[in-house]
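Hi everyone, thanks for coming. Let me put the model up on the screen, and then we can walk around it together.

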Amino acid sequence: MLHLLSYITWDPAIDAFHLGPLSFRWYSLCWLIGLALAYIVVMKLYQDQKIAKEKFDPLFIYCFLGILIGARLGHCIFYQPEYYLTSMRGFIEMLLPIHFTSAEGWDWKMTGYEGLASHGGTLGLILALLLYVKRLRVPLWQVLDNIAIATGITACFIRLGNLMNSEIIGNVTTVPWAFEFIQRDGLPRHPAQLYEALAYLLLFFIMLWIYKKDKATAVNSRSTLNTQHSTKLGTGFYFGLCLTYIFTFRFFVEFLKKEQVAFEQGMPLDMGQLLSIPFVAIGLWFLVKGLRKAKQQK
């Protein structure tokens with residue numbers, strides 16, 4: 001009885017607020033807040049490293065489009081290919097934020113993109129940054145490391161958006177902080193979205209702490225790298241740490257989640273875990289390489 005009294009009933013409205021006929025969903029709002037905070041963080045990093053403002057201005061557009069397109073395609077291709085890739089209607093819904101309301105006709109309604117995958121968003125972001133670097137002629141690893149430092153705050157708010165949407169729910173549990181997701185089945189479940197949000201917020205503060213400590217050490221030892229003020233920045237260290245931390249945590253937290261799609265039932269590892277493994281391996285490689293390069297430059 002004590003456990004039952006301590007469960008958290010979770011039934012938020014999908015819409016955060018309305019302006020006339022327009023409605024603004026919590027999920028979209030959390031995405032925008034996360035991206036806006038990352039924008040501010042990277043802007044401060046660029047200023048700290050004395051990178052020209054005109055090279056920063058286009059960065060947000062590249063990141064926004066890369067994450068959105070990659071996350072959408074990642075969900076459709078990795079999780080629901082049988083729906084989105086087997087018919088013209090599905091293909092249209094994959095590209096446009098709409099849903100067809102009838103089985104045969106072409107009547108539709110605006111829904112926003114219902115289904116975004118973090119693995120696809122990561123790939124889309126990396127590809128977008130490669131295009132940005134080529135066009136703006138900014139050092140690749142300096143850009144990737146700066147974006148990595150800010151990634152945790154964006155990832156945190158994306159998972160908070162999932163929590164507000166009552167999606168990506170956890171397994172049934174008896175822990176006293178379990179959430180009863182009323183919009184799903186009302187059973188007490190792990191708030192897996194909240195676990196991830198807190199973990200990614202911690203990553204953000206860890207990244208900032210390492211950056212500031214490394215900068216102070218570099219300045220004190222008079223061993224700054226050009227205008228970067230850090231021995232690790234521009235080596236791929238932060239990029240590697242970001243991938244390793246996020247996708248290692250993602251791999252293990254998946255054990256606490258309810259499967260997202262039917263084909264995952266009975267699988268020893270779900271799709272999220274299978275997709276996380278190569279990201280962890282790539283992250284570890286760049287993390288070690290970055291540490292070695294930073295050591296050589298001291």
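Helices here are DSSP runs of H or I with at least four residues, strands are runs of E with at least two, and both are numbered from the N terminus. Before I go on, a word on the source: this is a predicted model, so local features need pLDDT of at least 70 and side-chain atom pairs count only at pLDDT 80 or more, while totals for chains, interfaces and linings use all residues. Residues are numbered from 1 along each chain as its sequence is written, and side-chain values use heavy atoms, with hydrogens and water left out.

Back to the patch. Its members are I61, L65, I69, L73, I77, L85, M88, F91, L95, L96 and W106, and together they have about 1,000 Å² of accessible area. A patch like this joins nonpolar side chains (Val, Leu, Ile, Met, Phe, Trp, Tyr) within 5 Å, taking residues with over 30% relative accessible area and no salt bridge; the areas are Shrake-Rupley values with a 1.4 Å probe, and for residues only the protein chains shown count as cover. The largest share, 5 residues, comes from α4. W106 sits in the loop between β4 (98–100) and β5 (108–110).

Now for the spaces. How much space lies in the largest pocket? About 1,100 Å³. On a 1 Å grid over the protein atoms alone, a pocket is an open set of points with protein on both sides within 12 Å along at least five of seven lines, a cavity is a set where a 1.4 Å probe fits but cannot get out, and lining residues have an atom within 4 Å of a point. Points are joined across faces, edges and corners, and a volume is the space filled by probe spheres set on them. The pocket has 35 lining residues, and Y113, E114, G115, N165 and E167 are the closest to its centre.

Last, two contacts. Of 9 salt bridges (Lys or Arg side-chain nitrogen within 4 Å of an Asp or Glu carboxyl oxygen), one joins D48 and K215, with the closest N and O atoms 2.7 Å apart. That pair links α2 to α9, 167 residues apart.

The structure also holds 20 aromatic pairs, meaning Phe, Tyr or Trp rings (six-membered ring for Trp) with centres within 6.5 Å; planes under 30 degrees apart are stacked, over 60 edge-to-face, and the rest tilted. Y39 and F56 are a tilted pair because their centres are 5.0 Å apart and their planes at 55°.

Conventions: Patch = residues over 30% accessible without salt bridge, like charges linked within 9 Å, V, L, I, M, F, W, Y side chains within 5 Å.
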